[in-house]
Amino acid sequence: MDQRVSLCKRRGFVFQSSELYGGLQGAYDWGPLGTELKNNLKAAWWQSNVFERDDMEGMDSTILTHPRVLEYSGHVTTFVDPLVDCRKCKSRFRADHLASASCPNCGGQDLTEPRPFNLMFRTQMGPVDHEGALAYLRPETAQHIFMNFKNVLDSTARRPPFGIAQIGKAFRNEITPRNFVFRVREFEIMELEFFVDPGTDENWHEYWVDTRLQWWERQGIARDRLELLDVPESDRAHYSKATVDLMYPFPHGLEELEGIANRTDFDLGSHTRDQEALNIQAQVRENTHSGAKLAILKPNSSDWYVPFVIEPSVGVERATLAVLNEAYDIEQLDNGKERVVLRLRPHLAPFKAAVMPLKRNHDGLVSKAREIKNLLQRLGLGRVFLEASGNIGKSYRRHDEVGTPLCMTVDFQSLEDDSVTVRDRDSMKQIRKQVSELTEFMTEFYRRPSHA
Ligand code: ATP
């Protein structure tokens with residue numbers, strides 16, 4: 001982990017939040033390169049889950065959440081982790097993360113009994129702090145998708161099977177945030193709720209596990225790097241009938257990367273009025289809740305039913321950590337030296353290409369390089385970087401380390417015959433290309449199935 005953390009800081013991927021004041025625990029800021037990588041990963045998720053499908057809509061909801069939503073979703077009472085205190089050193093831990101009955105901090109044996117701790121952040125709306133002003137920062141984006149189920153249905157005329165996807169911030173007041181960006185208090189989540197007819201839910205659950213595994217493969221995480229965990233009932237969230245976790249070997253151990261849950265009709269059912277009339281199988285059946293009918297009319301009938309929901313859900317920070325970890329490589333070179341290379345899939349790389357003038361103070365070389373940079377930037381493939389440090393060897397090493405797939409060097413020959421040297425990150429092979437060929441070359445490179 002230390003090597004990854006050091007690279008992330010040194011090269012501008014991730015910084016501790018509010019570091020100047022000692023750091024805010026469980027909160028990280030994304031630097032210039034991390035922001036590009038994270039945006040590319042989110043774009044890849046949106047591309048396959050929204051653009052490439054004909055049964056998905058996207059949405060973007062508020063972070064501030066009405067307390068009633070989280071009351072009836074079950075989060076106010078059940079979104080809790082067991083908290084224990086060490087009476088000796090006053091440290092706090094999640095009881096289910098303790099390996100033994102002693103304190104991991106001081107070794108003391110005097111731990112309190114576990115007590116439930118709600119993970120949701122509370123805030124107030126407006127200037128007066130009273131109970132009626134209470135709002136929550138959402139702990140997941142899913143509830144807002146359920147809140148908008150009818151709006152999306154009415155505005156798009158969808159029927160199950162169909163899904164609604166969303167990427168956005170989520171907040172959890174984790175008892176012990178740790179392992180770099182693996183467990184944080186503020187993170188982004190990519191999740192989709194896929195609405196299906198009851199009875200077809202188990203097949204759709206299998207379908208989504210399979211689909212998500214294929215997606216991970218395209219992000220550089222091969223099938224044999226992920227283990228499937230059928231989460232036992234005692235560890236499942238309150239709404240889940242079945243959950244499969246995709247487990248990845250993070251540098252600190254095998255842990256959940258993504259969860260794929262069968263949420264049944266729990267949420268739509270819980271936010272729906274007239275539950276008995278709808279014959280909902282939801283576990284929450286107290287009184288009527290939102291007053292809405294989050295249900296579908298059966299074809300040629302006056303009967304309604306509540307769809308079941310399959311939910312693949314993954315944190316962007318965890319996903320980025322896994323992708324970075326998988327790509328990190330130390331290669332032994334023939335000359336006995338080592339090179340650090342981040343073998344990111346090209347579509348995820350923060351820089352799509354670096355254009356390098358051989359000398360940094362030479363106007364002709366720099367302006368030629370800038371001209372090429374501007375040309376390639378207009379292709380819309382992502383960020384192209386003008387690397388004018390003037391030290392080509394050092395620049396190659398830096399760009400290997402941050403995963404730039406292509407480096408283009410502008411030298412004196414370029415000024416004579418309008419050609420550049422193109423160096424491939426993985427093979428380190430160099431070829432000469434005419435500037436007039438670069439547009440097609442780069443477009444074709446990023447269109448290769450293994451790169452897209
Ligand atoms: P865990 O058991 O690790 O606390 P969870 O089962 O509570 O996770 P879910 O509620 O299934 O997690 O959340 C869906 C996904 O959101 C997780 O698979 C993970 O990728 C991400 N996630 C959840 N909590 C955090 C966190 N505190 N920091 C970063 N990512 C998180």
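Predicted model: local features only at pLDDT ≥ 70, side-chain atom pairs only at ≥ 80, totals over all residues.
Helices here are DSSP runs of at least four residues, numbered from the N terminus.

The protein chain contains 14 helices and 24 strands. Taken along the principal axes, its C-alpha atoms fill a box of roughly 80 × 65 × 50 Å. The chain has 452 residues, of which 50% count as buried. Its accessible surface comes to about 21400 Å², and 48% of that surface belongs to carbon and sulfur atoms. Among contacts between residues at least 6 apart in sequence, 63% join residues at least 24 apart.

The domain assignment divides the chain into domain 1 (1–63 + 142–265 + 307–330), domain 2 (272–304) and domain 3 (351–451). The C-alpha centres of domain 1 and domain 3 are 33 Å apart. Between these two domains, seven residues of domain 1 are in contact with six residues of domain 3.

The largest nonpolar core holds 51 residues, and the members that touch the most others are Phe13, Trp45, Met190, Trp216, Leu257 and Leu342. Helix 10 (residues 316–327) makes the greatest contribution to this core, with seven residues. Both domain 1 and domain 3 give residues to the core, so it lies between them. Apart from this core lies another, of 18 residues, which include Ala353, Val355, Met408 and Phe441.

Leaving aside its neighbours within four places in sequence, Phe13 is in contact with Leu7, Cys8, Asp29, Trp30, Gly31, Leu33, Gly34, Leu37, Leu324, Leu342, Pro350 and Val402.

In helix 1 (residues 2–10), the residues Arg4, Leu7 and Cys8 are buried. They cover an arc of only 100° around the axis, which puts them on the same side of the helix. The buried residues of helix 1 pack against strand 1 (14–16), helix 10, strand 18 (328–332), strand 19 (338–342) and helix 12 (392–401).

Strand 18 and strand 19 also form a pair with each other, in the antiparallel sense, over five bridges. Within this pairing, Asp329 stands opposite Val341 in strand 19. The two strands make a hairpin with five residues between them, where Gly336 takes a positive phi near 85°.

Strand 4 is joined by two bridges to strand 9 (residues 134–137), and the two run antiparallel. In this arrangement Leu64 stands opposite Leu137 in strand 9.

Two individual residues complete the tour. Ile175 is found in the loop between strand 10 (162–171) and strand 11 (186–196). Its relative accessibility is 12%, and therefore Ile175 counts as buried, the cut-off for that class being under 20%. Beyond its neighbours within four places in sequence, Ile175 is in contact with Asp81, Pro82, Leu83, Arg92, Phe93, Arg94, Phe117 and Arg185. The C-alpha atoms of Ile175 and Val84 are separated by 9.5 Å, although these residues are 91 residues apart along the chain.

Thr439 belongs to helix 14 (residues 435–447). Because its relative accessibility is 29%, Thr439 counts as partly exposed. Neighbours within four places in sequence aside, Thr439 is in contact with Leu375, Leu376 and Leu379. Thr439 and Leu376 are 63 residues apart in sequence, while the distance between their C-alpha atoms is 6.5 Å.

Notes
Residues numbered from 1 in each chain as written. Heavy atoms only, no water. Pairing = 2+ DSSP bridges. Core = buried A, V, L, I, M, F, W, Y, C linked by side-chain atoms within 4.5 Å. Buried < 20%, exposed > 50% of the residue type's maximum accessible area, 1.4 Å probe, protein only. Domains from an automatic or database assignment. Contact = heavy atoms within 4.5 Å. Arc of directions from axis to C-beta. Areas by Shrake-Rupley, 256 points an atom, 1.4 Å probe, with all protein chains shown as cover.
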